Amino acid sequence: MRTAPLLSLPILATSSPGFGVSLVADSIPGKWSLTQEGFDQFLACLDPDREKAGRRYELIRSKLINYFDWRDCPYPEDHADEALNRTIRKIEEGDEIRDPSTYVFGVARMLLLEIGRAKEKERSALNLLPATQAHEEESDEAEMRVDCLRRCLERLSQENRELIFRYYEGDGGTKIVNRKEMAGRLGLPPTALRVRACRLREKLQACMGECLIKESAGKIR
Amino acid sequence: MENHEDETLIVSFLLGELAEDQRTLVEERLFTDDDFYSQVLAIQDDLTDDYIQGRLAGGRRIQFEQRFMKSPRRRERVEFAGAFAAVMPELPAVQPEELSRPTLMSWWQSLLASVRTNSPSLAFAASAALMLLLVGAGWLVIENRRLASRLDQAHSQRDSTIEQAGLSNKEAERTKQELEAEIASLRGRGNDMEARLQEKQRELQEFERTTLSSRTQSALGEVATFVLPPGLARGIDEPEKLIIPKGARTIQLQLSLERNEDYERYWADIRTARGNLVWSKSMLTVERHGQAQVVVLNIPAPVLSMGEYEVALKGMSGRGKLEPVGYYYIIALKR
């Protein structure tokens, strides 16, 4: 995953199997590749301050990934990068973009239609049924996850650990009261507290994922 | 904190319940409104936690499983939420004043509370039953008073008869015996009334219990319920075998307490035979099932794979300290 602030060209992942590859090939005839110049132009569209532009880029990319995921697309990250590539290409070609968020959304919608068509083609060709098989997991996996998460939590500062536990503690009404109290105590607007808690959760989930990969690799060895 | 309309819309969006045009509008807003986007992410996390904690009602739970869990990325979120719920009890000691205290209710308040339900038909049935019981109880009270008054009259009649009539000892003895027989008979009827009153009260308790339990079942979907007795010693007693039916979405464990406890809140941990924590739940309260005290745990069925587990129940004292209450050993088997 690319990380903000972005000061140089990100490595693009367009090598996913299935429609990821065919889409890129279908939609971009000839050899087009992302250049540092094109990328800089896009960042400049987002914000004159490069640091802020980097953060804005990451937010748009996160929105794109979730957009494709909520639409049940097979490779949300690759699709997000493809949407960004197309946008940058348009800028390079001289298109004037007034509102990058709206523009990117338009590109993403077009791409979604293509993905839908490609999916349909693939399904009818291979006579595939939608894969909705229930995931039956071993208790070992669950244990490993808990161990990993515990280790990741240890890496957090005491303050952040308290924050994430308190934020997600309780249910229904208790949760709402807890969060209001927390925001008051920390002197933060509720929205800022929400963003902070969500980021911490994302961070923990990513850390747990990395730990699981390492653990599984260790087991295989 | 959040706009309620937005929250409902976002939940419907995440569960794939919106029509295509509505959905597109939400998606457009995601790209143009950063606050809205962060709200969607936050609600997604809360929804996932609610699923893991067994707090999603039947229809929503099914929708969540069929729609939300379709994508591998979102399944990862659910897995993370499961692990997070397991480590939650390890949070630093909670100050007692931070805990929401349970409100003490009188019997009639709890009775009224039990008829406040979301289901109109259940509410109507409960109200009708309550009315009948109140009328019956009122009649019993009046009848009891009438009998008590007749009992007093009989006592005074006996005394005055003996004193004033100047009857012979034999006659006085006979009259006394007759009056005492009448008193005994009236007492018997009084006891009978008392017993009927108690019986009605028991019926009322049973009614309250069954109304509550049927509500729980409708909220949790297909529930497999198991009652676990206390005091099973590991290695000595055979663990309880729980045969979990295939379609069960929630496993309800009713942990019977060995003796009456008065902790404000209870915590439960479920560990594998090797001692690894797989699930836990805080802020549990005790329920009365007749004479017994029971702590009810609702666990999402996927949490328990086939195997042996230990359920540790802890009580939270007024100072926020956790104290062991009981251990329950189970073997989960899936049909």
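In this predicted model, strand 6 (residues 286-289) and strand 7 of chain B run antiparallel to each other, joined by four bridges. E287(B) has V294(B) as its bridge partner in strand 7 of chain B, and H289(B) sits opposite A292(B) in strand 7 of chain B. The hairpin of these strands has two residues between them, and G290(B) takes a positive phi near 65° there.

## The sheet around that hairpin

Strand 7 of chain B also has a partner in strand 3. Strand 3 (residues 250-256) and strand 7 (residues 292-300) of chain B pair in the antiparallel sense over seven bridges. If you want a landmark in this pair, look for L253(B), which stands opposite L297(B) in strand 7 of chain B.

Put together, four strands of chain B make an open sheet with the order 1-3-7-6 and mixed pairing. Strand 1 (223-228) and strand 6 of chain B are the edges; each has a single partner strand, so one side of each has no neighbour in the sheet. On average, neighbouring strands of this sheet are turned by 35° against each other, direction ignored.

## A sheet of five strands

Chain B has another open sheet, in which five strands follow the order 2-9-8-4-5, again with mixed pairing. Its edges are strand 2 (240-244) and strand 5 (277-284) of chain B, and because each has a single partner strand, one side of each is left without a neighbour in the sheet. From one strand to the next, the twist averages 25°.

Inside this sheet, strand 4 (residues 265-272) and strand 8 (residues 307-316) of chain B pair in the antiparallel sense over eight bridges. One of the positions to check is D269(B), whose bridge partner in strand 8 of chain B is A312(B).

| Strands of chain B | Bridges | A facing pair |
|---|---|---|
| Strand 6 and strand 7 | four bridges | E287(B) and V294(B) |
| Strand 3 and strand 7 | seven bridges | L253(B) and L297(B) |
| Strand 4 and strand 8 | eight bridges | D269(B) and A312(B) |

## Chain B as a whole

How many helices and strands does chain B have? The secondary structure comes to eight helices and nine strands. Of the 335 residues in chain B, 24% are buried. Taking contacts in chain B between residues at least 6 apart in sequence, 72% join residues at least 24 apart.

## Where chain B touches chain A

At the interface, 40 residues of chain B are in contact with 39 residues of chain A. On the chain B side, helix 2 (20-32), helix 3 (34-52), helix 5 (72-87) and strand 5 each supply at least two residues. Helix 5 of chain B gives the largest share of that side, 11 residues. By class, the chain B side divides into 17 nonpolar, 10 polar and 13 charged residues.

## Helix packing in chain A

Over in chain A, helix 2 takes part in two contacts worth a look. The axes of helix 2 (residues 36-46) and helix 3 (residues 50-70) of chain A come within 8 Å and cross at roughly 95°. These two helices of chain A are therefore roughly perpendicular to each other. Helix 2 of chain A contributes L43(A), A44(A) and L46(A), while helix 3 of chain A brings R50(A), A53(A), G54(A), R56(A) and Y57(A). This contact has five nonpolar, one polar and two charged residues.

Helix 2 of chain A also packs with helix 4 (residues 76-92) of chain A, at an angle of about 95° and with the axes 9 Å apart. That arrangement makes helix 2 of chain A roughly perpendicular to helix 4 of chain A. From helix 2 of chain A come G38(A), F39(A), Q41(A), F42(A) and C45(A), and from helix 4 of chain A come T87(A), I88(A), I91(A) and E92(A). Here the residues are five nonpolar, three polar and one charged.

## How confident is the predictor?

For the complex, the predictor gives an ipTM of 0.82 and a pTM of 0.56. Chain B averages a pLDDT of 72, with 60% of the residues scoring at least 70. Which helix of chain B has the highest confidence, and which the lowest? Helix 2 of chain B is highest at 95, whereas helix 6 (residues 107-115) of chain B is lowest at a mean of 42.

Two stretches of chain B call for care. Over residues 93-124 of chain B, pLDDT stays under 50, and the model has 29 contacts beyond four places in sequence for them. For residues 207-220 of chain B, pLDDT likewise stays under 50, with 16 such contacts beyond four places in sequence. Where pLDDT is low, predicted coordinates should not be read in detail.

Terms used:
Residues are numbered from 1 along each chain as its sequence is written. Chains are lettered from A and ligands numbered from 1 in the order in which they are written. This is a predicted model: local features need pLDDT of at least 70, side-chain atom pairs count only at pLDDT 80 or more; totals for chains, interfaces and linings use all residues. Two strands pair if DSSP finds at least two bridges between them. Axes are lines fitted to C-alpha atoms, for helices over the stretch in contact, and angles run from 0 to 180 degrees between N-to-C directions. Two residues are in contact if their C-beta atoms, placed from the backbone, lie within 7 Å. Ala, Val, Leu, Ile, Met, Phe, Trp, Tyr, Cys and Pro count as nonpolar, Asp, Glu, Lys and Arg as charged, and the others, Gly among them, as polar. pLDDT is the predictor's confidence in each residue, from 0 to 100. Angles under 35 degrees count as roughly parallel, over 145 as roughly antiparallel, 65 to 115 as roughly perpendicular and the rest as oblique. A residue is buried if 20 or more other C-beta atoms lie within 10 Å of its own, exposed if 12 or fewer, and partly exposed in between; C-beta atoms are placed from the backbone.
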